Amino acid sequence: MKKIILAFSVVLSCVLSHSQVNPGIFGEENWFENWTNFNPMKQEYRKTNKTLAGIITEDTTLSSRHTYLLQGVVYVTNNATLTIEPGTIIRGDYKSCGTLVVTKGSEIIAEGTDVSPIVFTSNKNTYSRRPGDWGGIIIMGDAPVNAYGGLGVLGFDLKPEFKVYGGNNPESSSGTLKYVRVEYCGRKLSLKKELNGISFAGVGNKTTIENIQISFSNDDSFEFYGGDVKMKNLISYRATDDDFDFTKGAQSIISNSIAIRHPYSSDNRKSRAFEIDTYKKFEDFNPNGDKTNVKATNITLVNVEDNDQGLIKEAIHLGENSHLTFENSIAYGFRDFLIIARQLPKKELKEFLKLKDLKISHCENHFVANSNEGINITDDSITRFFINPNLKDAPDFRHATSRKDTNNIAGN
């Protein structure tokens, strides 16, 4: 498959003053405050006093009074609902690769608050935690996927009766995830496959997905296998592989979300902030099914070591037969802003790709097309570009123009 980089060669009249004032993540206040943690290695968590294991077949509630050891692969089945109280801590077991699987038809209600988030994390002690200490979270539903027969099968060595996802109900609900942190996940279930922080497979658009931080995943932070999903206020921090991976015909609306990459966290498998494709293998592609379509607004993609890309690849990779709308957003510190899988005629490219009102800084190669509007190329330092990119001190990755008093921008 031929890949090309469309490099910025001439700044068209699209570098216009009508570009929106506050691109990237936004908010009247810094919505990172209280519930996020950018240094979980030294966080002291309570010792576990309850074990979560086996197959859950009836409605179950996890209480914030306890700290749970997630042992082995735990399945929520039989249309049961797993409810997790605000402030609950679930620690994934290293030895058994603790993993939570919410099967098709079941739900998870994990609704924390900004002052009392729900935390999934490693069971190791402080300073000994590493990416891949435990498995991750898998949530399946019956929304459409691009696969022959309309059903997908997850290749995570799950029990055969619990690994099928997809259907014909885009408006289904797999529950609620709100104010949730997931840390040090992504270890291998077997030699065949690494888990993601959270895998959404065939999940419908009535599922609430917002205010989630995934940190130090040993594979992708968020991966969407088909489905019809809407999400906002997501944070991917120092993923080893991709931050946001969309495949299998995923119909996705994502807003006000950020990927924070670090060159020394990435592996050599083409790690990107956005990976968008409809199929991993062409023989799995159903041309009559939905093609992956991502509509992304107010997104920030940033490499915090802006003078060192390390093993980080492009900010966005767009695969064949896939669609992307990317608006009012920011890419900072990448070698390449955008790569498409193959060269397309300009007329056809317009069908698959729409860019509008972007700020691109410290990227060596930029993607510019005649049909796109308001693409602003800058070369500001990271401390001038964001309000506060210091991850050790109340980070705030809103664009510097978001601050009312611009004279106090960090670095001025």
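A salt bridge, for this tour, is a side-chain nitrogen of Lys or Arg within 4 Å of a carboxyl oxygen of Asp or Glu. Keep that in mind as you click around, and remember that the model on your screen is a predicted one.

**Stop 1: salt bridges**

Select D243 and R261 to begin. Their side chains meet in a salt bridge, with N to O at 2.5 Å. D243 sits in the loop between strand 19 (228–237) and strand 20 (244–247), while R261 belongs to strand 21 (residues 251–261); the two are 18 residues apart, and the pair links distant parts of the chain. Both D243 and R261 are buried.

Next, pick R272 and E314. Here is another salt bridge, and its closest N and O atoms are 2.5 Å apart. This pair also links distant parts of the chain, 42 residues apart: R272 is in the loop between strand 21 and strand 22 (274–276), and E314 is in the loop between strand 23 and strand 24 (316–318). R272 is buried, as is E314.

For one more pair, go to D396 and R398. Their side chains form a salt bridge at 2.6 Å, N to O, and D396 and R398 are both buried.

How many salt bridges does a search of the whole structure find? There are 9. Before moving on, select D245, D277 and K280, which are linked in a network of salt bridges.

**Stop 2: the largest pocket**

The largest pocket holds about 890 Å³ of space. It is lined by 34 residues, and the closest to its centre are K193, E223, D245, D277 and K280. So what's the link with the last stop? D245, D277 and K280 are the residues of the salt-bridge network. Colour strand 18 (222–225), strand 20 and strand 22 as well: these are the elements that give two or more residues to the lining of the largest pocket.

**Stop 3: the nonpolar cores**

Which residues have the most contacts inside the largest nonpolar core? Select F274 and F326 to see them; the core has 65 residues. Apart from this core lies another, of 21 residues, including F216, I258, I330 and F385. As a rule, nonpolar side chains in soluble globular proteins tend to be buried together.

Now zoom in on F326. Leaving aside neighbours within four places in sequence, F326 is in contact with F274, A296, I299, L301, I316, F337, K354, L355, K356 and L358.

From F326, hop over to K295. The two are 31 residues apart in sequence, but their C-alpha atoms are 6.3 Å apart in space. K295 lies in strand 23 (residues 293–303) and is partly exposed, with a relative accessible area of 45%. Not counting residues up to four places away in sequence, K295 touches S252, I253, I254 and T325.

**Stop 4**

Select N211 in strand 17 (residues 208–215). Why does N211 count as buried? Because its relative accessible area is 5%, and buried means under 20%. Residues up to four places away in sequence aside, N211 touches W31, W35, K178, Y179, V180, K232, N233 and L234.

Then try T67, in strand 5 (residues 67–70). T67 also counts as buried, at 1% relative accessibility. Its side chain makes a polar contact with the side chain of R46, at 3.1 Å. Beyond four places in sequence, T67 is in contact with R46, K47, T48, N49, K50, I89 and R91.

**Stop 5: two loops with a positive phi**

Most residues other than glycine have a negative phi. With that in mind, select D157, which has a positive phi, near 55°. You'll find D157 in the loop between strand 13 (152–153) and strand 14 (164–165). D157 is partly exposed, with a relative accessible area of 40%.

Finish at A394, where phi is also positive, near 45°. A394 is in the loop between strand 29 (386–388) and strand 30 (396–399). Is A394 buried or exposed? A394 counts as exposed because its relative accessibility is 58%, and the cut-off for exposed is over 50%.

Key:
Residues are numbered from 1 along each chain as its sequence is written. This is a predicted model: local features need pLDDT of at least 70, side-chain atom pairs count only at pLDDT 80 or more; totals for chains, interfaces and linings use all residues. Side-chain values use heavy atoms; hydrogens and water are left out. Helices (H or I, at least four residues) and strands (E, at least two) are DSSP runs, numbered from the N terminus. Buried means under 20% relative accessible area, exposed over 50%, partly exposed in between (1.4 Å probe, protein chains only). Contact means heavy atoms within 4.5 Å. A nonpolar core is a set of buried Ala, Val, Leu, Ile, Met, Phe, Trp, Tyr and Cys residues joined through side-chain atoms within 4.5 Å. A polar contact is a pair of N or O atoms within 3.5 Å; within protein, one must be able to donate a hydrogen and the other to accept it, and residues adjacent in sequence count only if both atoms are side-chain atoms. On a 1 Å grid over the protein atoms alone, a cavity is a set of points where a 1.4 Å probe fits but cannot get out, and a pocket is an open set with protein on both sides within 12 Å along at least five of seven lines; lining residues have an atom within 4 Å of a point. Grid points are joined across faces, edges and corners, and a volume is the space filled by probe spheres set on the points.
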